[in-house]
Amino acid sequence: MTLLIGSLQLGLLYGVMVMGIYISFRVMNIPDLTTEGSFTFGLAASAMICAAGHPVLAVIISSLAGAAAGAFTGLLQTKLDIHPVLAGILTMSGLYSINLFVMKGASNVTLLNSRTLFTMLMSAFPSLSKDAVKLIIAIIAAGLVLLALTFFFKTSLGLAIRATGDNADMVSASSINVNAMKITALAIANACIGLCGGLITQYQSFADINSGVGMLVVGLASVIIGEAFIRSRRIFFCFLSAIVGSLVYRYIIALAMKSPFFPAYMLKLISAVIVTIALAVPAAKKMSAARRLKAANRGGSDNA
Amino acid sequence: MLEIENAVKVFERGTPNEHTALAGVNLKVEEGEFITVLGSNGAGKSTLFNAICGNFLLDKGHIRLGGKDLTFMPEHKRARMIGRLFQDPMRGTAPNLSIEENLALSYSKSTKGMFRMAVNKKDRLMFREKLAGFEMGLEDRMDTKVGLLSGGQRQVVSLLMSTIVTPKLLLLDEHTAALDPATAQKVMQITNDIVYSRHITTLMITHNMASALVTGTRTIMMDAGNIIFDFGQEERQHMTVQDLLSMYSDKKKEEFDNDRILLGQ
């Protein structure tokens, strides 16, 4: 039961990040490694501000921190013409130092004695259980981000961003500033990721400098799993599929961890395998189709 | 309307591949003129279009459109005034967006704020009406992804996109060349309707000499980065493709002879 509810809470909270990764990976077609840095950036900022006694401000600042990281990667990509993947790696790498700086040189910070969003809501509604409070906050966070992104991608600016990811050539020939669109998209994507980091740190009441490691793969796995469940490509359903993917991913991980075959340290390997299999599906389909055609042709000539 | 003054562009200058794409082009286009542009591959037609649109900056010379100096204006700002169609139907549209979203992309940017909804009911009706005018059944497929349309249908959508807000200048880069003859004719007819009904100043690159002489109001021919012929309506009227070809080969022979004299000495 705790496993069921715990995964639900985590799935919804990480869903915020997965929606961000959906923007960079699916809308803009870039596997954006900034994720690993911006997640920790949001986490570190949120932890420090929370420790100073401002849990709500902490969440706002963590999304702004993520947005700044994304915009920086965007600038590297567009103005300095650095390869998108390398640009993300550079930002991620630089952020490691910045995150340590934010956390005052400590590799982890605890919030056990600080007020967080979760403890605030618990003291406001003493009748609610701890798990219910966590679930409520997770639902509100995922729901708000889902609605905001759905609305945003239906506006003129959002449409221009989607078109940029789809056919940048065409967009540069129309009156849209392609560079500005890429920077905006990465800023919004990483704002979601930073926000997720900010929520997670308050959820688990501690921040660790290495929390971001492997986050991109987790996000990609969730995006891909979600798409297998929800096929509609309408904007609302795209982002909903990101949340669903995140939930299913958490349950898969929970099951794997519970089974005797996988010790806890196998978590990242399992994620990597899920992503590899999902990305290999089109190539595998092609290969088997080619083999089938070959077999059919050979059969034909034998008969002749 | 459009003034190009001594436009020079040399690619890969200073390398063995140095190549003069535009060798001092001068062109003056009056408002409402519809010019067809002829010339063999590598003559500089598309390069001229790229220069007007700002894909690169000129080495020398100036480009003015409607009194504004475009020479150093960034591409996306020029695009507000210029509509452009390419030979490849894939280049003008976003394949994973619907017809409606593609149209909204070119329409709403110029008429609404960034944070307004991209498509509203009124827009949708207007798009439907315009698409219905082409009699291709596209008005009933507004939610279809453009990537699923045929080349001709995509080209019609691109044409509507680049003229939905009347541009100051329309550049058509062999936009019917990749289509089958019947579709090409249909797209050309739609093009004519749009251009004439709204008096859009237009340049159209084509390899079809016969249609170049009867389409539009003026024909120019380019060769080796220069405009070698410029025929107005009256001159064109009695010209045949044969005349044009013989004039072209005369001109080429002249150059060739000059080369031979130079090389011989």
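This is a predicted model: local features need pLDDT of at least 70, side-chain atom pairs count only at pLDDT 80 or more; totals for chains, interfaces and linings use all residues.

Is E174(B) buried, partly exposed or exposed, going by the other C-beta atoms within 10 Å?

E174(B) has 18 other C-beta atoms within 10 Å, so it comes out as partly exposed; a residue would need 20 or more to be called buried. You'll find E174(B) in the loop that links β7 (169–173) to α6 (181–198) of chain B. Its backbone is worth a glance too: phi of E174(B) is near 50°, a positive value in a residue other than glycine.

A224(B) is another residue to check. Phi of A224(B) is near 50°, again positive without the residue being a glycine. This one sits in the loop between β9 (218–223) and β10 (226–231) of chain B. With 16 other C-beta atoms within 10 Å, A224(B) counts as partly exposed.

L172(B) has M204(B) in β8(B) as its bridge partner.

## The antiparallel sheet of chain B

Chain B also has an open sheet of 4 strands, ordered β2-β1-β4-β5, and here the pairing is antiparallel. The edges belong to β2 (19–29) and β5 (68–69) of chain B: each has a single partner strand, so one side of each goes without a neighbour in the sheet.

β1 (residues 2–11) and β4 (residues 60–65) of chain B pair in the antiparallel sense over 5 bridges, and E5(B) stands opposite H62(B) in β4(B). Helix α1 (residues 45–53) of chain B packs on this sheet, touching β1, β2 and β4 of chain B, with its direction at about 70° to that of β2(B).

Over in chain A, the axes of α1 (residues 2–27) and α11 (residues 235–258) come within 7 Å and cross at roughly 135°. That makes α1(A) oblique to α11(A), and the crossing is right-handed. Among the contact residues are G11(A) and G15(A) of α1(A), along with A242(A) and G245(A) of α11(A). By class, the contact has 15 nonpolar, 5 polar and 2 charged residues.

Helices α3 (residues 55–78) and α9 (residues 178–204) of chain A are another pair to inspect: their axes come within 6 Å and cross at roughly 145°. α3(A) passes α9(A) in a right-handed crossing. The residues of this contact divide into 16 nonpolar, 14 polar and 1 charged.

## Where the chains meet

The contact between the chains takes 26 residues from chain B and 18 residues from chain A. On the chain B side, α2 (75–78) and α3 (99–111) each supply at least two residues. α3(B) gives the largest share of that side, 7 residues. By class, the side of chain B that touches chain A has 11 nonpolar, 7 polar and 8 charged residues.

Definitions and conventions. Residues are numbered from 1 along each chain as its sequence is written. Chains are lettered from A and ligands numbered from 1 in the order in which they are written. Axes are lines fitted to C-alpha atoms, for helices over the stretch in contact, and angles run from 0 to 180 degrees between N-to-C directions. Angles under 35 degrees count as roughly parallel, over 145 as roughly antiparallel, 65 to 115 as roughly perpendicular and the rest as oblique. A crossing is left-handed if the near helix is turned anticlockwise from the far one by less than a right angle, and right-handed if clockwise. Two residues are in contact if their C-beta atoms, placed from the backbone, lie within 7 Å. Ala, Val, Leu, Ile, Met, Phe, Trp, Tyr, Cys and Pro count as nonpolar, Asp, Glu, Lys and Arg as charged, and the others, Gly among them, as polar. A residue is buried if 20 or more other C-beta atoms lie within 10 Å of its own, exposed if 12 or fewer, and partly exposed in between; C-beta atoms are placed from the backbone. Two strands pair if DSSP finds at least two bridges between them.
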